[in-house]
Amino acid sequence: QNFHICAPVASQLMGEAAIRHDELFHGLLEHMVINRKMVRDQLAGVDVFELTPAEGAFYQYMCLREPLKQIGSSSLCHRLLEETGVAMTPGKDFDPHQGESFVRLSYAGHTQDVQDGLERLRIWLKNF
């Protein structure tokens, strides 16, 4: 209730700063569009993922296909982090019922870092 009736001072100041820095916002938005396109283009041909629409934020949510589905998202994310340094979030963090069939990948980082992570992911999948 307090967030809707009277936003905290910190939120008001951040909102005001965002309005004043329109050029930064648009630069960030362009950055996310570039990264999103790169992720979607590079993962579209990877048949172990089914990409869901990614029209907002800075995440790609993906349904696992075989053989990754057998591993489950929690184990897959753990293995990827340990073996490649690529961090993804297990879908069960967002859906306790069907989440083991999904993973979430953030593309909010620097474009080169996202590119490097995608390359490590693709190499790991080829050797899987």
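Leaving aside its neighbours within four places in sequence, which residues is R120 in contact with? With that set aside, R120 is in contact with T84, G85 and V86, where contact means heavy atoms within 4.5 Å.

## Basis of the model

This is a predicted model, in which local features need pLDDT of at least 70 and side-chain atom pairs count only at pLDDT 80 or more, while totals for chains, interfaces and linings use all residues. Residues are numbered from 1 along each chain as its sequence is written, and side-chain values use heavy atoms, with hydrogens and water left out.

R120 lies in helix α6, which covers residues 111-126. Helices (H or I, at least four residues) and strands (E, at least two) are DSSP runs, numbered from the N terminus.

One of the contacts of R120 is V86. The two residues are 34 residues apart in sequence, and their C-alpha atoms are 7.3 Å apart in space. R120 has a relative accessible area of 35%, so it is partly exposed. On this scale, buried means under 20% relative accessible area, exposed means over 50%, and partly exposed is in between (1.4 Å probe, protein chains only).

## Salt bridges within helices

A salt bridge is a side-chain nitrogen of Lys or Arg within 4 Å of a carboxyl oxygen of Asp or Glu. By this rule the model has 3 salt bridges.

K37 pairs with D41 in one of them, with the closest N and O atoms 2.6 Å apart. Both residues are in helix α3 (residues 22-44), and because they are 4 residues apart there, about one helical turn separates them. D41 is partly exposed, at a relative accessible area of 48%.

Another salt bridge joins the side chains of E83 and R79, at 3.2 Å from N to O. Helix α5 (residues 73-84) holds this pair, and because E83 and R79 are 4 residues apart in the helix, they too are separated by about one helical turn. E83 has 46% relative accessibility and counts as partly exposed; R79, at 31%, also counts as partly exposed.

Which residue does E50 meet in a salt bridge? Its side chain meets that of R65, with a distance of 3.9 Å from N to O. This pair links distant parts of the chain, 15 residues apart: E50 is in strand β1 (residues 49-51), and R65 is in the loop between β2 (59-64) and α4 (68-71).

E50 counts as partly exposed because its relative accessibility is 40%. R65 counts as partly exposed at 36%.
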